[in-house]
Amino acid sequence: MNLTDLQARAKRIKLLLTDCDGVLTDNGVYYSERGEEMKRFSIRDGMAVERLRAVGVESGIMTGETSGSVQKRADKLRITELHLGIKDKPARLHEILARTGLAAEEIAFIGDDTNDVEILKLVGLSACPGDATSFARAVADFHCETRGGHGCFREVAEFIIASR
């Protein structure tokens, strides 16, 4: 897809949804000796949520995992479109469309792995981190240069903002 077409798609976006592990995080999970799970998030990605909000674009997280650290991060960023433990992402997308009245063309999704492929095919703008699997890269419209957990959400957000 050429740059002009990508910009036209980005201009219509009203909600940027993202997977968590491998997009907002570096795909690593840290465990303490007591079994506490910790994830690393990019502060730059957090600033992107605020920058998007300033131009009328909301952000959301949709992940197959149920993680307290993801809940805490969403709370800090005031993200209300938080969907944890989602195994059927296309079905949840349809629920979001019905509830919000948005069209699929008004939603972007960032995903990095096989469980994101189907939803990547359904949205108006699909994106993947620079280190995404070949499965996600094969269907994503926008390929980030930055890796998951290192600002790829910010890269997509800035592309959407610049398209306005």
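Predicted model: local features only at pLDDT ≥ 70, side-chain atom pairs only at ≥ 80, totals over all residues.
Local features were taken at a pLDDT of at least 70 and side-chain atom pairs only at pLDDT 80 or more, whereas totals for chains, interfaces and linings use all residues. Residues are numbered from 1 along each chain as its sequence is written, and side-chain values use heavy atoms, with hydrogens and water left out.

Helices (H or I, at least four residues) and strands (E, at least two) are DSSP runs numbered from the N terminus. Helix H4 comprises twelve residues, 89-100. Its first and last C-alpha atoms are 16 Å apart, close to the 16 Å expected at 1.5 Å a residue; the expected span is 1.5 Å times one less than the number of residues. Lys89, Pro90, Leu93, Ile96 and Leu97 of H4 are buried (buried means under 20% relative accessible area, exposed over 50%, and partly exposed in between, with a 1.4 Å probe and protein chains only). In general, an α-helix has 3.6 residues a turn, so residues three or four places apart point the same way. On the other side of H4, Ala98 and Arg99 are exposed. The packing partners of the buried residues of H4 are E1, strand E4 (58-62), strand E5 (81-83), strand E6 (107-110) and helix H5 (117-120). At the N-terminal end, H4 is capped by Asp88, with a side-chain oxygen 3.1 Å from the backbone nitrogen of Ala91. Gly101, which follows H4, has a positive phi near 80 degrees.

Asp116 is located in the loop between E6 and H5. Its relative accessible area is 0%, so Asp116 is buried. Its side chain makes a polar contact of 2.6 Å with the side chain of Lys89, a residue of H4 that is itself buried. A polar contact is a pair of N or O atoms within 3.5 Å; within protein, one must be able to donate a hydrogen and the other to accept it, and residues adjacent in sequence count only if both atoms are side-chain atoms. Neighbours within four places in sequence aside, Asp116 is in contact (heavy atoms within 4.5 Å) with Asp19, Lys89, Phe109 and Gly111.

Asp45, Gly46, Ala48, Val49 and Leu52 are buried in H2. They share one side of H2, since their arc around the axis is only 150 degrees. The face turned away from the buried side carries Ile43, Arg44 and Ala54, which are exposed. The buried residues of H2 pack against E1, E4, helix H3 (68-76) and H7.

A "binding site" feature is placed at Asp21 by UniProt, in an unreviewed entry; such annotations may be inferred rather than shown by experiment. Asp21 is found in the loop between strand E1 (15-18) and strand E2 (30-31), and its relative accessibility of 17% counts as buried. The side chains of Asp21 and Thr25 make a polar contact of 3.5 Å.

Conventions
Arc of directions from axis to C-beta.
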